[in-house]
Amino acid sequence: IELKSGMLNIFLKTGNVFMQVDLWLGLSYCDGKWNKVTVNKEGFIVSASMNELREHTLEPRVQQLKVNSPVYIGGIPPEIQIFYKELGLEQGFGGCMKDVKFTRGAVVNLASVSSSAVRVNLDGCLSTDSAVNCRGNDSILVYRGKEQSVYESGLQPFTEYLYRVVASNEGGSVSSVWTHARTRGSVPQNVPTPSRVHSINGYSIEVTWDKPAGVIGVIEKYILKAYEEDGPNVPISSAELADTSMLTGILTGLHPFTNYAVTLTACTLAGCTESLHALNISTPQEAPEDVQSPTAISFPTFLLTSWSPPKNPNGIITQYILYMNGVPIYFGNGTKYVVKDLAVFTPHQFLLTACTLAGCTNSSQVTLFTAQLPPSHVDAPVLMVLDSRTIYVQWKEPVEVNGILDRYIIYIANNEQNFTKWSVIYNSTELFLDFTIQQLFPGTEYLIKIAACTEGGCSVSEASRAITDESTPEGVPAPKAQSYSSDSFNISWTKPEYPNGIITSYGLYMDGILMQNSSQLSCYAYGLAPWSLHSFRVQACTAKGCALGPLVEARTMEAPPEGTVNIFPTVDESKEVQLKWLAPNKPNGKLTYKVLVTGLFYADQ
């Protein structure tokens, strides 16, 4: 259906049959009043009428019209135009329609679907004085000249104007057909504050408003905005409402128990305007959200529980309820509670409920343990001597652990240090029940005890005793030989560095001959020659064998020489005598000689 140059054209195509109905209207429709247009198909007859004017066409070949696709009024989308090129498809309709009806179905409210219209400007009705602007004789001259374009200003907003061009020369003139254009609407002015705001719940409100007065243009949409009263000037929630026939809308996404300022924004194609003032509302309380699970500081027989307020209280917390193992144990407004008389290292299920006047919300359930203690008792370990340097240790897990076993520790001490210094020889979180101690000293008595540990501490067992097998001594010392006379020695020595058992005897060798075999650590040798050289070596023995120490040498003290000194003088010159002598038979030490001369001496003058 097209209205062009005073002609109403109806084009109908069914199958391969094409029909056309032309109804001449002239400018009869341009009178500022409503005009009723009817298009009808009955059997082979297609008719069109407007007001009192009517035209029809008969086509026996026309087929039944079945509509099974969307119906477009005022224009069609570009993607469909390629299939209907024969229609011409002039500029879409601009102006005002109402009460669009079909033979079957309800009346179509164009305002509710205009947002999806294309190539159509359903932006309002013509003013009542537009009848004057429709008539050729009453038209206003806009431009005279030789240019082929003109810019006209000073027009009224949201008003439809008809234009045509008259081309003239000396031979006459010719006119174009009338074409229409509509100026855009203006931005809405004086948008009213919402008239009523009603809380649906703590998260949404219903807003009612009055239609803005004096809007020049068609309101495309309304926008509702909610601002927090003490918050930033940014809306917390907004809603766009395209159905402008409705003057009520819902705002969601709000927070309970919060003060909001609600505004109304009205939009035309030219822009949007927000109301200068807002309507205040307080959302009601709701049940809390994100209730935090309780936490606890653990002690062996009690728990110091505490909790934080819900992340979203949604109101004023009226009370907390603390449940332990499904039983409420605390009611009140506090955030701490001591749970007493509990068993050591025992799990308990806790849950917290937070309440407002609107309702209560539970936290997630959490398991809290009382603190650990050291094990109640640890049995002494069982020791097995494997050889002279190895002891195999075994132990049992404590009967009352009082927690979770964390590690075992083995302490060891030996008789060489009088069992006063304990050393850690094993410390492991691998909870084995045995350990082999290696690289020990042979023939040594050891005390060994074990500690079992939890996070609450360690308990230590009584010590078990074991002696490694003996071996031959190691580190036998060198003897010290000291002479205080020319014919004797005092010889002494210490124990071996590693006895490797019980020393049964010490042997002293002098000059390769065993001169003493006893448990003594000293020996006295006498009847020796003065300044005589002797060698000494100590032997230490256990039941497993003997070992020798290093060899040392020493001399007896010196004594006066024994014998005579024979002198043999020789006169060489008048003033020189050469002396020679023989050593005494028994020097008895390191000899030094003195030459004594007596008699008359001569000296140079």
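Predicted model: local features only at pLDDT ≥ 70, side-chain atom pairs only at ≥ 80, totals over all residues.
1. Overall composition. The protein has 605 residues, and 33% of them count as buried. Its secondary structure consists of 44 strands and 3 helices.

2. Contacts and surface. Of the contacts between residues at least 6 apart in sequence, 61% join residues at least 24 apart. The accessible surface amounts to about 37,500 Å², and carbon and sulfur atoms account for 52% of that area.

3. Nonpolar patch. A nonpolar surface patch of about 950 Å² includes Val-565, Ile-567, Leu-579, Trp-581, Tyr-593 and Phe-601 among its residues. Strand E43 (567-573) and strand E44 (576-581) are the elements that give two or more residues to the patch. The most is given by E44, with 3 residues.

4. Val-565. This member of the patch lies in the loop between strand E42 (552-555) and E43. Val-565 counts as partly exposed because its relative accessibility is 43%, a value between the 20% and 50% cut-offs.

5. Asn-51. The phi of Asn-51 is near 55°, which is positive although the residue is not glycine. Most residues other than glycine have a negative phi. Asn-51 is placed in the loop between strand E5 (45-50) and strand E6 (53-58), and its relative accessibility of 41% makes it partly exposed.

6. Asn-402. A positive phi, near 60°, is also found at Asn-402. This residue belongs to the loop between strand E28 (390-394) and strand E29 (407-414). With a relative accessible area of 21%, Asn-402 is partly exposed; buried would require a value under 20%.

Conventions: Residues numbered from 1 in each chain as written. Heavy atoms only, no water. Helix = DSSP H or I, 4+ residues; strand = E, 2+ residues; numbered from the N terminus. Buried < 20%, exposed > 50% of the residue type's maximum accessible area, 1.4 Å probe, protein only. Contact = heavy atoms within 4.5 Å. Areas by Shrake-Rupley, 256 points an atom, 1.4 Å probe, with all protein chains shown as cover. Patch = residues over 30% accessible without salt bridge, like charges linked within 9 Å, V, L, I, M, F, W, Y side chains within 5 Å. Salt bridge = Lys/Arg side-chain N within 4 Å of Asp/Glu carboxyl O.
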